[in-house]
Amino acid sequence: MSLEKSWETLASETHFENQNLAVVTEKVRTSARPQGREWTIVRRKSSVVVAPLTSAQELILIHQERIPIGETIWEVPAGQIDEEKDDPAEVALRELREETGYELASDGELLPLGDFFSSPGFTDERGFFFLASPVVPCIHGATHDESESILDCRAFPLAEIARMIAASEIHDANTLSICARLAARGFFPSLTSAS
């Protein structure tokens, strides 16, 4: 956790903690609130979000069951960085292989696209965006673990992704965010012309 230099944690109480997250209530003094302010926070490990793009300019999405929302949704591959010392780029390549069964082509490149906060109103989770391009199917296919419920994996033309976003068929914040970052950087021009 990093607080602005003028911020100070006055008190902290942990309500729940496991290997993936912690729920804490903290009282923090800020420049705008010198008396302090209480806030309940979900502390989560950092994560990676990968946009796998084929040489045919198709984006690979996985169709995954998401228990908290009771739906199966289309999304880009993503995953937690288990240890702080782990290189986000290596984690991104691992998640790409495990969740999609794709890997970088021999002439492929993994391009960092910056970072973001998934929901800063309640969690400190920071995600790191990567564009993997071009990608090709792995010899051995996907190897996701039992805790993941990935039911399908498909390549979608960028125009179809743009249509799905415009029609609110893509609900995943990671996918929407990385597509916005790609569009802003000119990698995803069809998003700006979707009707």
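The sulfur of Cys153 lies 10 Å from the closest cysteine sulfur, that of Cys138, which is too far for a bond. A disulfide is taken here as a pair of cysteine sulfur atoms within 2.5 Å, and the structure holds 0 of them. Cys138 is accordingly in no disulfide. Cys153 has a relative accessible area of 26% and is partly exposed, whereas Cys138, at 14% relative accessibility, counts as buried. Buried stands for under 20% relative accessible area, exposed for over 50%, and partly exposed for what lies in between, with a 1.4 Å probe and protein chains only.

The model is predicted: local features need pLDDT of at least 70 and side-chain atom pairs count only at pLDDT 80 or more, while totals for chains, interfaces and linings use all residues. Residues are numbered from 1 along each chain as its sequence is written, and side-chain values use heavy atoms, with hydrogens and water left out.

The next part is a sheet. Its 3 strands are arranged in the order E6-E5-E10, as an open sheet with antiparallel pairing. Strands (E, at least two residues) and helices (H or I, at least four) are DSSP runs, numbered from the N terminus. Two strands pair if DSSP finds at least two bridges between them. E6 and E10 are at the edges with a single partner strand each, so one side of each has no neighbour in the sheet. On average, neighbouring strands of this sheet are turned by 25° against each other, direction ignored. Such angles are taken between axes, which are lines fitted to C-alpha atoms, for helices over the stretch in contact; they run from 0 to 180 degrees between N-to-C directions.

Strand E5 covers residues 58–66 and is joined to E6 by 5 bridges. One of the residues involved is Glu65, whose bridge partner in E6 is Thr72. E5 and E6 form a hairpin with 4 residues between them, and Gly70 in the turn has a positive phi of about 65°. E5 is also joined to E10, by 7 bridges, and these two strands run antiparallel. Here Ile60 stands opposite Ala155 in E10.

Aromatic rings also link parts of the chain. Rings of Phe, Tyr and Trp (its six-membered ring) pair if their centres lie within 6.5 Å; planes under 30 degrees apart count as stacked, over 60 as edge-to-face and the rest as tilted. By this rule there are 2 aromatic pairs. In one, Trp74 and Phe156 have ring centres 5.0 Å apart and planes at 80°, so the pair is edge-to-face. Trp74 is in strand E6 (residues 71–75) and Phe156 in strand E10 (residues 150–157), so the pair ties together parts that are 82 residues apart in sequence. Both residues, Trp74 and Phe156, are buried.

Phe116 and Phe129 form a stacked pair, with 4.3 Å from centre to centre and 5° between the planes. Phe116 belongs to strand E8 (residues 102–117) and Phe129 to strand E9 (residues 126–137), so this pair ties together parts that are 13 residues apart in sequence. Phe116 counts as buried at 12% relative accessibility, and Phe129 counts as buried at 2%. Strand E9 also contains Pro134, which is joined to Ser133 by a cis peptide bond with omega of about -15°.

A nonpolar core is a set of buried Ala, Val, Leu, Ile, Met, Phe, Trp, Tyr and Cys residues joined through side-chain atoms within 4.5 Å. The largest such core has 21 residues, and those with the most contacts inside it are Val49, Leu59, Leu61, Ile161, Ile178 and Phe188. Two or more residues come from each of strand E4 (47–52), E5, E8, E9, helix H2 (158–166) and H3. Leaving aside neighbours within four places in sequence, Leu61 is in contact (heavy atoms within 4.5 Å) with residues including Trp74, Cys153, Phe156 and Ile161. A second, separate core of 13 residues includes Val48, Ile60, Ile81 and Leu110.

Two residues in loops remain. Gln57, in the loop between E4 and E5, has a positive phi of about 60° although it is not a glycine. Gln57 counts as partly exposed at 38% relative accessibility. Ser168, in the loop between H2 and H3, likewise has a positive phi of about 60° without being a glycine. Ser168 counts as partly exposed at 47% relative accessibility.
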